[in-house]
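This briefing is for a reader who is new to the structure shown below. The points after it are grouped by topic.

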Amino acid sequence: AEKKEEPVFKEVVEISEARLALFTDPPAEALAARGFKLESAREHEVLWDPKHNNWITPIRNPFTNKLMGWQEKGYVKRYFKNYPTGIEKSKALFGFRRYDGGRLIVVESPLDVVRLSSVGVSGGVATFGSLVSKEQISLIRSADQIVFAFDNDDAGKLAAQKMLDLTVSLSFEAWFFNYSATTMKDVGGMSKAEILTGLETAKHCLHGLKAIV
């Protein structure tokens, strides 16, 4: 007899704001280790799970601000998890609701946005990884000026090249963070001077592949 396929149901988990009450402000030690200011962590709603020593980064709908879930990232040990499982983080752009014009700096990790804010650099948003969705591109393209600052690794360089291609196919301009003056993998590990240098010397997309340093 022919085997009948079982229906596949997508589980929808409703996340309430009350769930965030389990978390606290990040402790001073963790803030110092990342070079974060408490005000910047609070501004971006980055919290702390005191039970497991994890960073908690809320994921919200960029239009309604509705809480969709969060990312958990380990502090003491290497750990990473999105909650709930299957959350469509590709529909979110961390920090976008705080963007109020001017330069938009696109990074991979929400924690890098907090680092930017902590050294006085506004306009940071995060794509939650090196993959950028159509929804995120739509939001990014609405900015006055765009600087892509993906990680300085293979995945980040591939993402930058894809964005370079999109500046041509979708007819928008962008700049690319200049990593030539630092050995760091991302802005989260940089000094303020390194971050400012990378932004000030960012290469315009008209330079083609030379823009991705």
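In this predicted model, a salt bridge joins the side chains of Arg60 and Glu45, with N and O 3.0 Å apart. The two residues come from distant parts of the chain, 15 residues apart: Arg60 belongs to strand β2 (residues 54-60), and Glu45 to the loop between α2 (38-43) and β1 (47-49).

**Salt bridges**

- Arg60 counts as buried because its relative accessibility is 11%, under the 20% limit.
- Glu45 has 26% relative accessibility and therefore counts as partly exposed.
- Glu45 also forms a salt bridge with Arg98, where the closest N and O atoms are 3.3 Å apart.
- This second pair again links distant parts of the chain, 53 residues apart, since Arg98 sits in the loop between β4 (80-83) and β5 (103-107) while Glu45 is in the loop between α2 and β1.
- Arg98 counts as partly exposed, at 33% relative accessibility.
- Another salt bridge connects the side chains of Lys185 and Asp151, at 3.0 Å from N to O.
- Lys185 lies in the loop between β8 (175-176) and α6 (192-200), and Asp151 in the loop between β7 (145-148) and α5 (154-169), so that the pair links parts of the chain 34 residues apart.
- Of these two partners, Lys185 is partly exposed at 41% relative accessibility, whereas Asp151 is buried at 9%.
- Shared partners connect salt bridges into one network of Glu17, Glu45, Arg60 and Arg98.
- Over the whole structure, the search finds seven salt bridges.

**The four-stranded sheet**

- Four strands make an open sheet in the order β1-β2-β3-β4, and their pairing is antiparallel.
- β1 and β4 are the edge strands, each pairing on one side only.
- On average, neighbouring strands of this sheet are turned by 30° against each other, with direction ignored.
- β1 and β2 run antiparallel and are joined by three bridges.
- Leu47 stands opposite Ile56, a residue of β2.

**Nonpolar cores**

- In soluble globular proteins, nonpolar side chains tend to be buried together.
- The largest nonpolar core here has 30 residues, and Trp55, Val107 and Ile195 have the most contacts inside it.
- At least two residues of this core come from each of α1 (28-34), β2, β5, α3 (110-118) and α6.
- α3 gives the largest share, four residues.
- Leaving aside residues up to four places away in sequence, Val107 touches Asp112, Val113, Leu116, Val125, Ala126, Thr127, Ala149 and Val187.
- Another core, of 22 residues, lies apart from the largest one and includes Met163, Leu164, Phe172 and Ala211.

**Helix α4**

- Helix α4 (residues 134-141) has Gln136, Ile137, Leu139 and Ile140 as its buried residues.
- Viewed down the axis of α4, these buried residues fall within an arc of 165°, so they line one face of the helix.
- An α-helix has 3.6 residues a turn, so residues three or four places apart point the same way.
- β5, β7 and α5 are among the elements that cover the buried residues of α4.

Conventions. Residues numbered from 1 in each chain as written. Predicted model: local features only at pLDDT ≥ 70, side-chain atom pairs only at ≥ 80, totals over all residues. Heavy atoms only, no water. Salt bridge = Lys/Arg side-chain N within 4 Å of Asp/Glu carboxyl O. Buried < 20%, exposed > 50% of the residue type's maximum accessible area, 1.4 Å probe, protein only. Arc of directions from axis to C-beta. Contact = heavy atoms within 4.5 Å. Core = buried A, V, L, I, M, F, W, Y, C linked by side-chain atoms within 4.5 Å. Pairing = 2+ DSSP bridges. Axes fitted to C-alpha atoms, helices over the stretch in contact; angles between N-to-C directions.
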